[in-house]
Amino acid sequence: MIRLTDKEKETNHHENEQEKDIYEDNIIDEDLYEKFEDEELYELVQEAREKALERARIREEEKKSYRKLPRTFYWLIALFLMMNVLAFLPQTISIPAVEFIKTSAKLSKQENIKTYKKSVVVIETDGGSGTGFSINEQGDILTNYHVIEGYHKVTVAFPEKGLHVGEVVETYPEIDLALLRLEGDDTFPYLPLAEEFVLHEEEHIYFIGNPLRFTGIANEGKVLDYISVKKKPLPVVMMDAPVYRGNSGSPVINEDGLVIGVVYATLDHDEAGRVGLFIPIDYFDMYRK
């Protein structure tokens, strides 16, 4: 049902009143009406009837022409559309990714995950998008350096606090971290940071991000071990978890609700297979000092 605003009602009422005034004036001024004899009226009716029949005949011919198209033609159209859809799907989602969507749906029912997700943001640039998260009520956003590289200002989208402009105020390319500061004086939900990262193998963790064009995807995994990688001055941490493109900048959260790291990459490990990599959170404090 369409509901009209008061202004629209008033406008419609005014238009109706105008139409009513015109109609009543015409009724009063009988000279505005043309009088027809019975024969003339009959001819007009016949003319209108013939026009109606002609329109009906044309519509029927169009229907017959439509029906003459072979059924194969419709199957070819359907096949073409299906092929286009299938060609697009690999760009959006892979079969293993279906599992992380199911997991996210399950985890998102938990109250702690609902709370964490409020602080996780989408970071948009002309070159793409990534993930970040608020670390204080002023809305300072921690993310990967490679997500915002080459930009001084980016768009930051909170799930419940809307769009904001984020200025890049600190960058640490060596450890692939960056800090954004939001314009304005609003207050924001945030995730507390752990004072330090202590490796506990098989520790259960959560992480939340925006992989494969999805947003606010919550997932879980377990901590594996440190690993040294090229171009990083300090070892990073491997985790057994489904990390995909767009997860860059996702917070890694322990069972106490503290951020212990920031996801930044994946790696094909000889023994562990495909793993996610995260930067221990204490590196952030270390470089700031």
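Visitor: What makes F284 count as buried or exposed?

Guide: First, a caution: this is a predicted model. F284 has a relative accessibility of 1%. Buried means under 20%. F284 therefore counts as buried.

Visitor: Which ring does F284 pair with, and what is the pair called?

Guide: The partner is Y172. The ring centres lie 6.2 Å apart, and rings pair if their centres are within 6.5 Å. The planes stand at 80 degrees. Over 60 degrees counts as edge-to-face, so that is the name for Y172 and F284.

Visitor: What does the pair of Y172 and F284 tie together?

Guide: Y172 sits in strand β5, residues 162–172. F284 belongs to helix α7, residues 282–288. The pair therefore links parts that are 112 residues apart in sequence.

Visitor: Is Y172 buried or exposed?

Guide: Its relative accessible area is 11%. The cut-off for buried is under 20%, so Y172 is buried.

Visitor: Which residues form one aromatic cluster with Y172?

Guide: F284 and Y287 do. The structure holds 5 aromatic pairs.

Visitor: Why is the pair of F158 and F188 called stacked?

Guide: Look at the planes. They are 25 degrees apart, and planes under 30 degrees apart count as stacked. The distance is 4.9 Å from centre to centre.

Visitor: Where do F158 and F188 lie?

Guide: F158 is in strand β4, residues 153–158. F188 is in the loop between β6 (177–182) and β7 (204–209). The pair therefore ties together parts that are 30 residues apart in sequence.

Visitor: How do you know whether F158 is buried or exposed?

Guide: F158 has 5% relative accessibility. Under 20% is buried, so F158 counts as buried. F188, at 7%, also counts as buried.

Visitor: What lies over the face of F188?

Guide: K161 does, at 5.8 Å from the ring centre. The distance limit for a charge over a ring is within 6 Å.

Visitor: What makes the phi of L212 worth a look?

Guide: Most residues other than glycine have a negative phi. The phi of L212 is positive, near 50 degrees, and L212 is not a glycine. L212 lies in the loop between β7 and β8 (217–227). At 18% relative accessibility, L212 counts as buried, since the cut-off is under 20%.

Visitor: What is the phi of K231?

Guide: K231 has a positive phi of about 70 degrees, although K231 is not a glycine. Its place is in the loop between β8 and β9 (236–240).

Visitor: Is K231 buried or exposed?

Guide: Its relative accessible area is 81%. Exposed means over 50%, so K231 is exposed.

Visitor: Why is A265 called partly exposed?

Guide: A265 has 23% relative accessibility. Buried would be under 20%, exposed over 50%. The value falls in between, so A265 counts as partly exposed. A265 lies in strand β11, residues 259–269. Leaving aside neighbours within four places in sequence, A265 is in contact with V243, V275, G276 and L277.

Visitor: Why is β7 said to be largely enclosed by the rest of the structure?

Guide: Of its 6 residues, 5 are buried, so β7 is largely enclosed.

Visitor: Which strands does β7 pair with?

Guide: β7 and β8 run antiparallel, joined by 6 bridges. β7 also pairs with strand β10 (residues 251–253) in the antiparallel sense, over 2 bridges. Pairing needs at least two bridges. F207 stands opposite N219 in β8, and opposite V252 in β10.

Visitor: How many strands form the closed barrel?

Guide: There are 6, running β7-β8-β9-β12-β11-β10 with antiparallel pairing. The twist averages 45 degrees from one strand to the next.

Visitor: How do you know that S250 is buried?

Guide: Its relative accessible area is 0%. That is under 20%, so S250 is buried. S250 lies in the loop between β9 and β10.

Visitor: What lies 3.2 Å from a polar atom of the S250 side chain?

Guide: The backbone oxygen of I208 does. The limit for a polar contact is within 3.5 Å. Beyond neighbours within four places in sequence, the contacts of S250 include T131, G209 and V262.

How values were computed. Residues numbered from 1 in each chain as written. Heavy atoms only, no water. Phe/Tyr/Trp six-rings, centres within 6.5 Å; stacked < 30°, edge-to-face > 60°. Helix = DSSP H or I, 4+ residues; strand = E, 2+ residues; numbered from the N terminus. Buried < 20%, exposed > 50% of the residue type's maximum accessible area, 1.4 Å probe, protein only. Lys NZ or Arg CZ within 6 Å of the ring centre and 35° of its normal. Contact = heavy atoms within 4.5 Å. Axes fitted to C-alpha atoms, helices over the stretch in contact; angles between N-to-C directions. Polar contact = N/O pair within 3.5 Å; in protein donor to acceptor, adjacent residues only side chain to side chain.
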